[in-house]
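Have a look at the fold first, then take the points in order.

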Amino acid sequence: MFGFFPLILSAFLLGLGFYLLLQVLARKKPANLPRGSMGWPLFGETLGFLKPHSSNSMGSFLQEHCSRYGRVFKSHLFGSPTIVSCDHELNMVVLQNEEKLFKVSYPRAMHGILGKFSLLIVSGDVHKKLRNIGVSFITSSKSNPEFLDCVEKMTISMMNSWKNCKEIGFYKEVKKFTLNLMVKHLLSIEPEEPLAFKILEDFLTYMKGFVSLPVYLPGTPYASAVKARARLSATVREIIKERRKEQLGLVKGDFLDAILSKENLSDEKTVSIVLDMLLAGYETTATLMALIVYFLSLYPNVLAHLKQEHNAIRKNKENGESLNWEDYQKMEFTCNVIYESLRCGNVVKFVHRVALQDVKFKGYFIPSGWKILPVLTAVHFDPSLHENPMEFNPWRWTDKATSKKVMPFGGGPRLCPGADLAKVEIAFFLHHLVLNYRWKTMADDSPLAYPYVEFRRGLLLEIEPIQAKAGKIET
């Protein structure tokens, strides 16, 4: 046991020396470097920054630091000297000046999970090409009758499975729904196929490690996630191999077909963008759906208004008639509910960037090579931008200026490419949910930011079917 003491002491002294060096360097910077604290040796303030808190709040760390130092402050996070921005204007500058003044800079440990060609990591021409492939397919899909029919059929199937249930774990259910939908849409794999179940299992393991402590030891969530990604990559590679072997390109008409037939990509890049699209369409969409259902349970006036909108749409359709793109375009209040849930629930708390050169902005100095974290959450709860910011109020979105005061989908060239597709999926799902079920949440089952969003009890719902009426689809 005592043999480890010199190693521990050496590590501590090394960390202390590094910390003191940072303090000396910080003192040499111009006086207008933002105020703040570099925290503890080695760890900085990372643990405090990542401390779990209610996702519909800034959290105590940001509240205390903004109160003490202002909305832009320095810190030491994720192993690097960092500028933390809770300022909307600075955040916009950072996101809009991608690869000019700033560039993406996620912690090295995330590369092992995401892969070197992930859209979250790559930059320059590679990022532009891969992103354009995704955007092109999403743009053509979102109003496609076949896709809309697929969304509705899967929605009805899931709600049929709840008919004899008194309780459901909603978060787990919608994760299964969104992944099955994306696997079908991207790879033409049906939900009942064993391969779909295998992909779901691997994705659950993958996501647990995605935000875990990056320690690659046997049995750790991080190590399990790296292995899960390798299995997912192997699964997609095998599908690619089979399609080439059987010359199935342009037959299934899915995302993979579009890549294989039109794009000159290596297998590694093809696998990476398929997994990126699965990840984006699975985790973030499911989280947003869960947040919406949570907020609707707390605000019955919002739920009543939402039901009115969907009843009006249903009354103009034949019994059992499917929804279409024109119906979606009438769901204005539904979209406002989606936007407000993003603002209040904060699916993405912050993003990682690094300064490419010395930057001066609003009297602040951001040194070249320093990390900068634009905190989206803080802007969403800024009382100078939003009246009663802690209140869930979808009607605020009737003012078009509101959309300029939030950035739930990010911004600039890295604006979330799947946002429009997710809104369609959620709107169709909500249509059938609000017309066919009542639900209650548990008092202690609130969303927490880890910084990823999780529910204390998996968003356990008490559900009760609404008796079908004339003109309403029976699910």
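1. Start with a facing pair: I168 sits opposite L461 of β13. These two belong to strands β5 (residues 167-169) and β13 (residues 460-465), which run antiparallel and are joined by 3 bridges. Strands here are DSSP runs of E, at least two residues long, and helices are runs of H or I, at least four, both numbered from the N terminus; two strands pair if DSSP finds at least two bridges between them.

2. A quick word on ground rules. This is a predicted model, where local features need pLDDT of at least 70, side-chain atom pairs count only at pLDDT 80 or more, and totals for chains, interfaces and linings use all residues. Residues are numbered from 1 along each chain as its sequence is written, and side-chain values use heavy atoms, leaving out hydrogens and water.

3. β13 has another partner to look at: β10 (residues 437-441) runs antiparallel to β13, with 5 bridges between them. Within that pairing, R438 is bridged to E464.

4. Now find W162. Leaving aside residues up to four places away in sequence, W162 touches I168, F170, E173, F429, L433, Y437 and I463 (contact means heavy atoms within 4.5 Å).

5. Which loop holds C416? C416 is in the one between α16 (376-380) and α17 (419-436). The unreviewed UniProt entry lists C416 under "binding site", though such annotations may be inferred rather than shown by experiment, with feature names shortened and positions given in the numbering used here. Beyond residues up to four places away in sequence, C416 touches R131 and F409.
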